[in-house]
Structures are given as structure tokens and as C-alpha cells.
Amino acid sequence: MKAATNTFTLAARVLHWLMAVMILAMLFIGVGMVASVSERHEWLLAIHKPLGIAILVLAVVRLTVRLRHPPPPLPADLPALQKLAALASHWLLYFLMLAMPLIGWAMLSAGGYPVMLGTSLRLPPIFPASPVAFAVLRHLHTWFAMLLFLTFLAHMAAALYHGLIRRDGVLSSMLGRR
Amino acid sequence: MHDPAPPDSPARRIGSWALIAAAVAVAAVSFGYVGSWLAPQRLTPAKLIDQFQHNAGTFAGYRRNHAKGVCVTGYFDGNGQAQMYSTAQVFARGRTPVVGRFAIPGSNPYAPDGSVPIRSMALRFALANGQQWRTGMNSMPVFPVATPQAFYAQLQAQQPDPATGKPDPAKVAAFFAAHPETAAFRAWAKTAKPSASFATESYWSLNAFVFVDANGKRQPVRWRMVPEATDAGSDAEKAGSANYLASDLAERLARGPLRWHLQITLANPGDPTNDATKTWPDDRRTIDAGTLVLERTEPQASGPCRDINYDPLVLPAGIAASDDPLLPARSAAYADSYLRRTSEEAHLPGTAAPSAETKR
């Protein structure tokens, strides 16, 4: 059963790639909708809210999977600084994928908006109405989105570096083939 | 494809680095394009709101348009007649609490009430099921333009010339010449006089919306609020006050509630729903959906309407947006204005101080 220690579990891999697509789509939807005055603004917004809640739910599931099944160890010869960068960026990604939907939800609550996921499905507010809190949370939503996108770029670059240059099995541990 | 280099050759290594750099670059450039940083020609909500600030100045803490107004509260008394067209709970028999706002257009919260002939009414209905209906209506039957791009062009044409402090008449004339769709609005504006009271005005939705019934059937509609008060107005205006609308409203409400009837006009097949410059023919069926009863008024600085963004696309189940291109633009621009004024309220770095009066 050597392979089990060298690759992520099937659940972890499925969650990773599914959420990669969802989060990347979410980032593009987010920056696209706030920069648009066309009908795109409306339909992107209509996707943004339920997709965000779906990411929140999956992030909780994923965190559970991660804590139950520790990931395969990084290569022993990886420099300490790169190991630290890997560890820090992974936990930053977990933090942001949980924080972004919660901030979005709290921000709409603070702005006094009904949090509608569809034409009639409504979530309860999770923050008291306050214009000051709205402004802070709304800006935080943007800044964290930028941070998430930059972290994604670094993550993608690092994965390709492992796969193409070091060829040390790190990328294949998430692709699921040796 | 047919790479002859061995796995660890320098050529292969450079190729790998180039591939990584290209992947990052493609992702970053796509993001920049979608987010409009790399597409400067695109009309964005921020550009629209910036243009309001160029035209009238920045009044921190205030809405970027319809800045001068007052809060009102009361309720909507549904009569059940609109229920056969829309499942929205607000149309059932009974009361729905309302927080509203009367205002005049323009970005200057100190503008005299007589400076524009238009008055506006914005309402937020808080439905018992937690959903909301927000609407912003104006006291004219048509909007000057049909698209956000034309609206932006109109704002640009009306930007004051730094030399005179007034819009350049030649630019305004050129805009109207290039936009014949403004004719209906201009005809209305020619005869319109600033009313002496918010209470005696009718307020039109301008944009079309779609009612959805219990079977999912869609019926395009427009609505307006028609006042019960029809008198010529009180004495506040004659006293020469620049703020006569607020005093008139307070005076009337001290005597008793004010009422409007919500008139829903049903489109016939083929009536345009994407053009706010065109009214529908007069013979279209209209139903009275209930009575708006306003009981109290408060200043906007301390009243419950202050923190409400009257985004016309905050809609309950049973009411949907039409294909009118102005609707998403209003929604997006109002959101930008709301973020700016709440950021000023929060004294966030980089925002203007709310007390500053950059009056021009």
C-alpha cells in the first residue's frame, strides 16, 4: 500500500480539482460583475452567491478530510524555505476559501440586503445591519479576493515547478498517478 | 511534440520555465481583462459614479445621485388584486411595512428644491417572509435615454465647463442631436414645473419588470404610485425656503397620513420592455394593487432610509427584472455609490471626510 502514502486520497483529489474550478470561476465572476453595467452584472451576481455558499460547504468538508487524512509528505530534499512556503500557502488557501464566503454573507447582512441564493431561497443575516461594518467587509472581500488570486498564481506556478522542473512527485500526488 | 532534448538538458529546462511563466501570465492577463483594469474602454459602475462627481462635486457621506432627500415610513396595504399576476407576498391582502425616501435628482445635497422639476420616491417593502422589494421611481413617465452608454454620454455632455462653471450648451445640444430617443423626455421637461410638494406627484417605475404568477407565467409590467392628494401645495414654497419640500411633507404628515395607489400596467405582447424612453399605449390594462400609506418623515441623516441602497433589482419572488439594459446599470452603479458613502461614513483611509462641504 505504498501508493497510498504518495498520493492524496481520492476524496482529497476530487475536492481539490472541483474546488479549483469553482474558486477560479468565482474570482473571475467576482471581478467581472463589479466591473460591468451590462446584463452580465445580474447573471454573474446570481451565480456568485449560491456558488460562494457551495464553496463554503465544500471547504468545511475538505478541511475535515485534510485533518483526517494527512497529505503525503513533501520530498525530503526540498529546501526548508520552500517547505515553509508550501505549508503557509496551503493554510492561507484554506483560510481564504472559508473566509471569503463568510465575509460576503456578513457584508450583505451588514448592508441590510436580503441574502438571496435564488428567486426565493434566502439565508438569514449573520451580522447586524451597520453601514460602517458593510464598508469594511466589502473592502475586505476585494482585498482577500486579490490575495486569493495571487496565492492561486503562486500555487499553480509551484505545482508546475514541481511537475516540470523538479519532477519530484508532488504534482502527481494530486493528479493521482505515479 | 517532438522534443529531441534529453529530460535534463538546458533547453528543456528553459522550455519548462517559459511554460510556467506563460501559464501565470495568461491567468493574470485574463483576470486583468475581466476585471476591466486591462480593458479601459469598458463602461464600469465606477466610471458612471466618477462622472457624477465630476459634474457636481463630491459630497462625502451622501448618495452620488438624488443626494437631497428625506426619509418616510409607513406601510403598503395590499388588496389582493395583483396576486393573479405575481406570487410576491406584498400583493396579498394585508400590510407590509415600508421605509421610503423622497428626493430630488442631482448630486448636491444642498441644491434648492426648485432647481429641478423632477421628484423621486424610493421604497423598501419588508415582506413577512424576509424577502424585500426595493424600487426607485421618478415623477416623469419616461427616462431620457435607453442605455447605460447613452446615459454616460449625457452625463459627460452635461459636465460643467471649468471656465464658466456651467455645461457647454454646444455639447449638450450635440448630445441631444445624436440621441433622438430623448425627444419624449424633452417634451415632458418643457412643460414640467418643479412641484411644491412630494405629496401631489405621481411616481413612475420607468423601467419595465416582469411579474411571475404561481404557474410561472411571466407578465411584463410597469408601475406607478398615484397620489390621493391633488391640491396645489402648501405655503412652504411661497415662504421662499430652498427646502420647501421637506417642510411641506412634515406639515402634511402632521395632519395625517398620505396615500398613493400602486397602479400596475400590464404590457400587451410586443410592447417594448427594454426601452425606458417609450411609454406604452394608454389603453393598456391597469390594476390597482393596493395603497401606500406614509405616516412619518425624518431627516435622512438620522432616519431609517439613510443606510438603504434603493437598488431596483432587490426583488422578491414573483417580481423579476426585464431585459431593460438600464436596470443592471442602475443596480451596479447604486452599489458603487453605496460603497463610497458607507466608506466615508466609516472614515476609511482614502475617503473624503463626511463633514467636508465641497459645494460648488
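Predicted model: local features only at pLDDT ≥ 70, side-chain atom pairs only at ≥ 80, totals over all residues.
Reader: What makes up the secondary structure of chain B?
Author: Seven helices and ten strands. The C-alpha trace spans about 90 × 60 × 45 Å along its principal axes.

Reader: Where does Ser322(B) lie?
Author: In the loop between β10 (319–321) and α7 (326–345) of chain B.

Reader: Why is Ser322(B) called buried?
Author: The cut-off is 20 or more other C-beta atoms within 10 Å. Ser322(B) has 20. Therefore Ser322(B) counts as buried. Of the 360 residues of chain B, 44% are in that class.

Reader: Which residues is Ser322(B) in contact with, leaving aside neighbours within four places in sequence?
Author: Asn207(B), Ala208(B), Phe209(B), Val210(B), Pro220(B), Thr273(B), Asn274(B) and Leu327(B). To be in contact, two C-beta atoms must lie within 7 Å.

Reader: What separates Ser322(B) from Gly303(B)?
Author: Their C-alpha atoms are 32 Å apart, and the two residues are 19 apart along the chain.

Reader: What share of the contacts in chain B with a separation of 6 or more comes from residues 24 or more positions apart?
Author: 71%.

Reader: How many residues are in contact between chain A and chain B?
Author: 33 residues of chain A touch 40 of chain B. On the chain A side, α2 (10–34), α3 (39–68) and α5 (131–166) each give two or more residues. The largest share, 15 residues, comes from α5(A). By class, that side has 20 nonpolar, nine polar and four charged residues.

Methods: Residues numbered from 1 in each chain as written. Chains lettered and ligands numbered in written order. Helix = DSSP H or I, 4+ residues; strand = E, 2+ residues; numbered from the N terminus. Buried ≥ 20, exposed ≤ 12 C-beta atoms within 10 Å, placed from the backbone. Nonpolar A, V, L, I, M, F, W, Y, C, P; charged D, E, K, R; others polar.
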